[in-house]
Amino acid sequence: MLFHPTHLIPIMAAWHLSFTELSKHTSAPPISKNMNHLLHTLIFLLHYAHNYEMEHAMHVSIGFFSYDIIYMALHDGIRRNASYLLHHGITIYLLHLTFVDPSCAESIMKGYAIMESSNIMLYVSYHVQKEWPGRTAWIQASEFVQMLVYVYFRMFRLSAFTYDIREELRAAGVITCAALAALYMMGAKWSHRLVMKNAQHFAA
């Protein structure tokens, strides 16, 4: 696969157009942004599931995260979104490796697919909370499913996958391993938060 930086500008413009169009049909920018995130996840997973135009799919994801970094910096502030900006920066670095080092491309794409799969219910649950704030049962049900899906993919599937590619990781270098470790710890932290939140629901 070859990386084409010039492809990113029209891709980022397309993501902005998507956000703008979604904003015409939603009540608030955060909801449109959340839907844009879900759209990105579904686009990548469909490409990955069918092994279709993966070079283009990588460009689409890099363009998406680049656009989202700019959006957060301009609208929400850097300090407020420091963890998300770090997450996006690490993700762009790892996705770029699929072009720089093709030998690790397959593993990176598989790991990326696992992590993106974990996010689907996150976006669904957020949408339920924002669109139907008075539907407590719906919100709690969506958060419970979100916890199950997220913990399964981020803790079990990703841990098993990381163990399977342990030899690749030994040869990958310190920076790549540190980047993966940071994403893993972010996932562990969010998993803990989801478990505690659902525990509070059951205890109430």
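Reader: How many cavities of 30 Å³ or more are there?

Author: The structure is a predicted model. Rolling a probe the size of a water molecule over the atoms shows where empty space is left. The largest cavity holds about 40 Å³ of space, and the second largest cavity has a volume of about 40 Å³. The count of cavities of 30 Å³ or more comes to 2.

Reader: Which helix gives the largest share of the lining of the largest cavity?

Author: The lining consists of F65, H87, T91, Y112, M115, E116, N119, R154 and L183. These residues divide into 4 nonpolar, 3 polar and 2 charged. At least two lining residues come from each of α4 and α5. The largest share, 4 residues, is supplied by α5.

Reader: Which helix gives the most to the lining of the second largest cavity?

Author: Around the second largest cavity stand F19, K33, N36, H37, F64, Y67, D68 and Y71. By type, they divide into 4 nonpolar, 2 polar and 2 charged. Both α2 and α3 supply at least two of the lining residues. The most, 4 residues, comes from α3.

Reader: With which residue does D68 form a salt bridge?

Author: Side chains of opposite charge can pair when their charged atoms come close. D68 is buried, with a relative accessible area of 3%. The closest N and O atoms of the salt bridge are 3.4 Å apart, and the partner of D68 is K33.

Reader: How many residues apart in sequence are the parts that D68 and K33 tie together?

Author: K33 is buried too, at a relative accessible area of 17%, and its salt bridge with D68 has a closest N to O distance of 3.4 Å. D68 belongs to helix α3 and K33 to helix α2, so the pair ties together parts whose separation in sequence is 35 residues.

Reader: How far apart are the end C-alpha atoms of helix α2?

Author: Helix α2 covers residues 29–49, which makes 21 residues. At 1.5 Å a residue, the helix should span 30 Å. The model agrees with this expectation, for the end C-alpha atoms are apart by 30 Å.

Reader: Which helices do the buried residues of α2 pack against?

Author: A residue counts as buried when its relative accessible area is under 20%. In α2, the buried residues include I31, H40, F44 and L45. Their packing partners, as for the other buried residues of α2, are α1, α3, α4 and α5.

Methods: Residues are numbered from 1 along each chain as its sequence is written. This is a predicted model: local features need pLDDT of at least 70, side-chain atom pairs count only at pLDDT 80 or more; totals for chains, interfaces and linings use all residues. Side-chain values use heavy atoms; hydrogens and water are left out. The expected span of a helix is 1.5 Å times one less than its number of residues. Buried means under 20% relative accessible area, exposed over 50%, partly exposed in between (1.4 Å probe, protein chains only). Contact means heavy atoms within 4.5 Å. A salt bridge is a side-chain nitrogen of Lys or Arg within 4 Å of a carboxyl oxygen of Asp or Glu. On a 1 Å grid over the protein atoms alone, a cavity is a set of points where a 1.4 Å probe fits but cannot get out, and a pocket is an open set with protein on both sides within 12 Å along at least five of seven lines; lining residues have an atom within 4 Å of a point. Grid points are joined across faces, edges and corners, and a volume is the space filled by probe spheres set on the points. Ala, Val, Leu, Ile, Met, Phe, Trp, Tyr, Cys and Pro count as nonpolar, Asp, Glu, Lys and Arg as charged, and the others, Gly among them, as polar.
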